[in-house]
Protein chains: 4
Amino acid sequence: MIIVMRPFVAEADLEAVTSLIASMKLSSHVSRGAERTIVGVVGITNDKDTLRAQFVQMEGVESVVPISRSYKLVSREGRRERTIVRLPNGATFGGEQVAIAAGPCSVESEEQVRATAEAVSRAGANLLRGGAFKPRTSPYAFQGLGEEGLKYLRECADRTGLAVVTEVLDTRDVELVARYADILQIGARNMQNFGLLREAGGAQKPVLLKRGISATIEEWLMAAEYIYVAGCHDIVLCERGIRSYDSQTRNLLDLSAVPVLHTLTHLPVIVDPSHGTGIRALVAPMSLAAIAGGADGLLIEVHPNPAAALSDGPQSLTLPSFAELMGRLAPVAAAVGRSLPAPALAA
Amino acid sequence: MIIVMRPFVAEADLEAVTSLIASMKLSSHVSRGAERTIVGVVGITNDKDTLRAQFVQMEGVESVVPISRSYKLVSREGRRERTIVRLPNGATFGGEQVAIAAGPCSVESEEQVRATAEAVSRAGANLLRGGAFKPRTSPYAFQGLGEEGLKYLRECADRTGLAVVTEVLDTRDVELVARYADILQIGARNMQNFGLLREAGGAQKPVLLKRGISATIEEWLMAAEYIYVAGCHDIVLCERGIRSYDSQTRNLLDLSAVPVLHTLTHLPVIVDPSHGTGIRALVAPMSLAAIAGGADGLLIEVHPNPAAALSDGPQSLTLPSFAELMGRLAPVAAAVGRSLPAPALAA
Amino acid sequence: MIIVMRPFVAEADLEAVTSLIASMKLSSHVSRGAERTIVGVVGITNDKDTLRAQFVQMEGVESVVPISRSYKLVSREGRRERTIVRLPNGATFGGEQVAIAAGPCSVESEEQVRATAEAVSRAGANLLRGGAFKPRTSPYAFQGLGEEGLKYLRECADRTGLAVVTEVLDTRDVELVARYADILQIGARNMQNFGLLREAGGAQKPVLLKRGISATIEEWLMAAEYIYVAGCHDIVLCERGIRSYDSQTRNLLDLSAVPVLHTLTHLPVIVDPSHGTGIRALVAPMSLAAIAGGADGLLIEVHPNPAAALSDGPQSLTLPSFAELMGRLAPVAAAVGRSLPAPALAA
Amino acid sequence: MIIVMRPFVAEADLEAVTSLIASMKLSSHVSRGAERTIVGVVGITNDKDTLRAQFVQMEGVESVVPISRSYKLVSREGRRERTIVRLPNGATFGGEQVAIAAGPCSVESEEQVRATAEAVSRAGANLLRGGAFKPRTSPYAFQGLGEEGLKYLRECADRTGLAVVTEVLDTRDVELVARYADILQIGARNMQNFGLLREAGGAQKPVLLKRGISATIEEWLMAAEYIYVAGCHDIVLCERGIRSYDSQTRNLLDLSAVPVLHTLTHLPVIVDPSHGTGIRALVAPMSLAAIAGGADGLLIEVHPNPAAALSDGPQSLTLPSFAELMGRLAPVAAAVGRSLPAPALAA
């Protein structure tokens with residue numbers, strides 16, 4: 001941590017700073033420049049925010065600059081090898097093979113889930129996605145089927161060789177959802193629901209953590225750190241678009257987050273082009289771009305009849321258009337040295 | 001709702017749209033313009049998002065424009081008179097008198113809360129704020145004293161004539177927090193934690209709903225609608241700054257949200273200049289500006305010794321600087337036809 | 001400047017950094033911490049961006065943190081006393097008295113300007129605003145009357161005791177506009193039109209510099225530095241709202257920029273609540289808030305018949321509503337120790 | 001255009017609206033819904049913003065919704081076939097072959113330009129980029145070599161079979177720059193410098209229009225419309241990253257703008273991953289992603305010695321890393337049915 005003093009700082013103010021550092025069993029290096037005097041703080045501390053806060057408000061201090069990162073365990077410094085998350089059905093995140101999760105936004109009926117699972121499995125997906133608990137902006141919108149939906153997901157996934165990824169919204173439901181899911185999804189709105197992060201991190205299942213709707217990459221990694229500290233080391237990050245000023249797309253898909261994260265963390269990173277754009281016609285080009293840019297997988301909304309979907313129909317692919325996309329993805333993956341999953345069901 | 005068809009739309013596509021409208025027991029008005037044909041949808045429906053989604057993906061449809069608002073009960077159309085929220089100690093939000101909540105970010109000790117409560121009560125605050133459950137970006141930071149902290153708040157507030165506002169983070173804690181608080185705070189990170197909104201809305205206490213860190217005003221009002229639908233009609237909205245691209249301040253305080261909300265909703269609106277700026281020196285000017293601009297109250301962080309605070313020290317006022325601010329606020333409130341609370345304790 | 005090395009940096013990389021520093025006739029302080037080694041760079045340089053760029057890409061360097069600011073002459077360190085900009089008619093920016101500029105978005109006719117000038121002068125404004133050259137998003141929109149408009153402004157202002165503030169868009173027009181204006185306005189879209197900043201800075205007139213539509217405060221001050229370096233020291237900064245993700249208002253008025261700037265620069269700061277909100281009903285509350293928050297003046301759009309305005313009608317006050325606002329502003333200004341101009345024309 | 005009336009609107013207000021429509025020789029369709037009455041305006045007008053402004057402020061009007069787009073000539077409705085921009089050396093934007101522009105941020109010396117031109121030509125680029133007039137945030141930074149730089153670009157490009165793309169900043173320099181360039185670049189900071197758009201549009205050269213730093217896609221297309229109206233139909237749009245709240249990257253590269261623009265306009269769209277990220281290590285993955293996502297070309301900063309660059313070194317590729325990137329781009333382009341230019345110089 002570097003403490004930058006104001007120009008023409010009084011010696012007494014400088015001494016107050018170095019005394020406080022000493023009282024914390026940390027050491028300090030004072031450097032007097034032409035324009036500013038700065039104080040380097042040396043030593044290890046985990047709660048950097050609180051430390052920073054104490055110094056920034058002292059007399060004569062202009063700013064405090066953090067030097068090391070607040071996340072430790074999920075950083076590249078915390079672990080040098082890339083994490084590969086493996087699910088029971090063989091799906092992997094972070095290896096040479098990418099993961100493809102596909103399915104409806106909301107679970108609406110057994111028939112809907114079965115038709116989707118069969119089709120996406122044949123087309124080469126290896127995870128089935130679908131929401132049984134839905135976070136809806138409006139209290140008047142469909143809120144999900146709950147446990148009934150989880151059962152449909154589990155049964156249809158098992159029949160088609162897929163793993164299940166599904167969202168958990170409430171600390172009280174973590175145990176229930178973990179009974180059915182292969183990987184627990186924490187949605188964008190809950191990225192900083194810290195109680196939920198802790199519960200999910202303790203549920204003995206991998207966790208897929210979506211980026212908050214306007215989260216910085218550092219905040220996102222701090223949220224992953226909560227899960228890691230709670231005991232779960234199999235974490236997958238999912239970029240799903242952030243808030244922007246332009247209403248042309250539902251969110252602004254930040255594909256550069258993929259290579260940025262690959263330099264900062266050992267965790268795998270996937271992309272959700274459906275929420276990331278909100279527009280069906282953009283899902284295919286952004287899927288191709290994501291894989292070319294290094295994403296470790298995709299999370300795609302697919303529905304047998306998007307026009308009748310109870311949520312997110314406009315951004316859902318039809319079953320044939322998903323299959324067509326998979327056909328276009330394969331050569332792009334190959335061009336960047338990656339491969340798609342082999343279909344569990346014969347096409 | 002208006003459905004805008006693409007230029008040169010096929011008659012069959014237009015008919016498919018009007019047929020779907022008819023099948024929903026709604027009626028349609030077709031208007032053929034020089035550049036576009038548009039279809040007006042007439043009738044009442046609550047789940048506008050789902051309806052919109054179904055039309056936007058039909059063949060020949062360019063866009064769907066919502067006409068009426070998605071929030072009903074909290075809108076000016078839902079209730080013509082302004083809501084005034086009254087707490088047991090006489091504090092009111094939304095009347096001629098503004099509400100002033102003051103206190104530490106985190107409850108750290110009984111002594112800290114007692115000193116703060118006495119000082120802010122003498123200075124003219126009528127609510128005591130303080131967090132017993134803290135949402136912290138880092139898992140390594142202080143997470144709050146829990147129920148012990150709630151007890152300190154309640155006892156110190158009772159002794160000094162203040163009401164208690166404190167945050168609840170987890171659905172499992174709503175009942176506990178409601179036992180101690182006069183008004184439950186939902187924080188920015190939980191604005192779209194819909195389960196928590198429902199629980200809080202059913203807790204038989206007023207709710208203070210902070211704006212999400214990048215929430216639109218419409219999303220914010222939809223979150224208030226969740227609380228309203230759950231049974232709580234005494235809702236106070238609190239602007240606390242939104243995410244911006246400039247790092248000069250912690251957040252970007254959106255003071256224009258105050259008059260905007262006054263045109264859209266009957267609910268009172270207060271301002272948190274502490275989180276809204278993150279910088280102690282900006283709290284006073286933004287407090288003055290908020291009251292001049294029509295805010296129904298302020299939520300201000302005050303700490304007996306900000307330099308030793310376990311959270312948010314840099315944006316906390318000291319006890320004397322809070323008292324000084326109250327002295328400067330009074331003439332500004334008077335200049336816009338408002339008044340400050342009368343101190344419960346003699347100064 | 002602080003150079004932060006990566007963890008476990010090689011000695012050779014560290015030496016390369018210190019050698020480059022030495023070759024620039026600057027000196028370095030190396031500080032080896034528990035997690036990172038950092039190098040402080042000591043010495044004076046003006047082109048910090050280039051310097052930073054050279055180090056940030058060296059082997060073993062993780063980041064480069066600027067310590068001193070890039071703007072010098074406009075900073076509080078560059079000049080300790082607040083600048084007061086004085087116009088020939090006695091209007092001042094930055095003193096105890098605030099400045100009130102009012103008038104139409106576009107100059108449309110002599111009659112329109114005369115009616116507005118008389119009314120706003122009687123109501124207590126001391127500057128007449130109005131655009132003769134208009135930056136319009138659409139090439140099909142009214143682009144302004146040019147020199148004819150400048151003449152109307154000059155004549156009507158002279159007759160009513162007002163100063164003229166008007167925008168210049170093109171380097172080729174600076175001399176022309178400077179012949180008619182008392183203070184040259186650089187609009188938001190041209191905040192980083194550096195050639196125009198240089199020309200305007202050399203025109204021997206004060207300059208009013210609006211904030212760019214998504215400019216950081218630092219970029220804004222760097223733009224002011226361009227004008228200062230070009231010879232103009234009488235610069236007024238004008239906050240006019242920045243881009244946001246919420247479409248409720250045209251722009252997001254950043255009132256906290258006012259006190260932030262007062263800590264960073266000696267230049268006066270005014271607020272444009274008309275562009276800052278885009279909505280007539282918000283102009284009055286945001287004007288009151290701006291003055292309460294410390295603004296040194298206001299720039300307000302006023303039109304004799306907003307419904308017929310060729311631009312920005314929806315955010316323009318009528319002549320009577322402007323007069324009413326002035327009546328409400330006076331007590332707020334007094335409450336914070338400021339005063340409004342005395343009307344040049346008898347009301 | 002749709003005019004939405006407030007709930008319970010008075011008949012007189014409704015009539016005032018329809019009368020104004022009639023007075024403009026436009027016709028109106030009134031539709032009375034369960035919650036709102038709406039008025040459709042039918043007829044053709046170019047200046048929609050002004051029209052909208054007049055209605056939005058009438059008594060009883062809640063909002064005005066534009067239906068058709070403000071840009072005409074650059075829209076897909078304005079021209080059904082995709083525009084292919086062809087330069088004298090055979091480079092094309094918008095066809096099956098993508099365009100690759102490479103070169104230094106700033107022209108610094110003849111030697112630098114020559115070395116770069118030879119290397120990028122051998123590696124397969126078909127345009128040479130480089131700035132002779134530089135828009136720099138700081139007045140103390142290097143501002144470019146001016147005409148001398150233009151000469152270096154022209155000579156080196158001619159010798160290596162490349163076309164020249166270079167930025168023009170000032171209306172007074174358009175003619176000069178057009179004498180040397182094959183395609184004139186309008187930079188992000190000047191996207192709404194309307195005088196410059198008009199001059200560049202009249203210069204008888206193709207124009208490359210970068211997106212403004214926080215421009216909406218609609219504003220960007222309106223800027224293109226200015227150039228089109230001024231006579232230039234060979235316009236290339238260039239996404240270069242927009243402002244965001246996260247400082248991990250210099251800008252936030254909006255790759256979804258590519259497919260969005262392909263649905264809205266017939267103009268070709270390229271991507272600048274260098275400014276779009278600001279970080280050398282991100283240039284390659286974002287280049288691959290851009291081509292996979294459908295971009296019609298790339299604009300990449302390349303420098304023989306980035307560590308000594310006078311601007312933007314940290315985001316510049318070295319000559320070998322550019323050649324390596326070209327090798328990785330070829331299979332990705334092939335995977336999406338595109339091709340790279342054939343090198344003009346033998347590698």
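In what order do the strands of the open sheet in chain D stand? I looked this up in a predicted model. The order is β2-β3-β1-β4, four strands with antiparallel pairing.

**Sheet edges, chain D.** I next checked which strands end the sheet. β2 (27-32) and β4 (61-65) of chain D are at the edges. Each has a single partner strand, so one side of each lacks a neighbour in the sheet.

**β1 and β3, chain D.** I then took one pair from the sheet. Strand β1 (residues 2-5) of chain D runs antiparallel to strand β3 (residues 37-42) of chain D, and 3 bridges join them.

I asked which strands helix α2 (residues 48-56) of chain D lies across. They are β1 and β4 of chain D. The helix runs at about 165° to β4(D).

**Chain B against chain C.** I moved on to the contact between these two chains. On the chain B side 30 residues take part, and they are in contact with 29 residues of chain C. I looked for the helices of chain B behind this: α8 (257-264), α10 (280-292) and α11 (319-335) each supply at least two residues of the side that touches chain C. α10(B) gives the most, with 7 residues. Last, I sorted the residues of this side of chain B by type, and they divide into 19 nonpolar, 9 polar and 2 charged.

Methods
Residues numbered from 1 in each chain as written. Chains lettered and ligands numbered in written order. Predicted model: local features only at pLDDT ≥ 70, side-chain atom pairs only at ≥ 80, totals over all residues. Contact = placed C-beta atoms within 7 Å. Nonpolar A, V, L, I, M, F, W, Y, C, P; charged D, E, K, R; others polar. Pairing = 2+ DSSP bridges. Axes fitted to C-alpha atoms, helices over the stretch in contact; angles between N-to-C directions.
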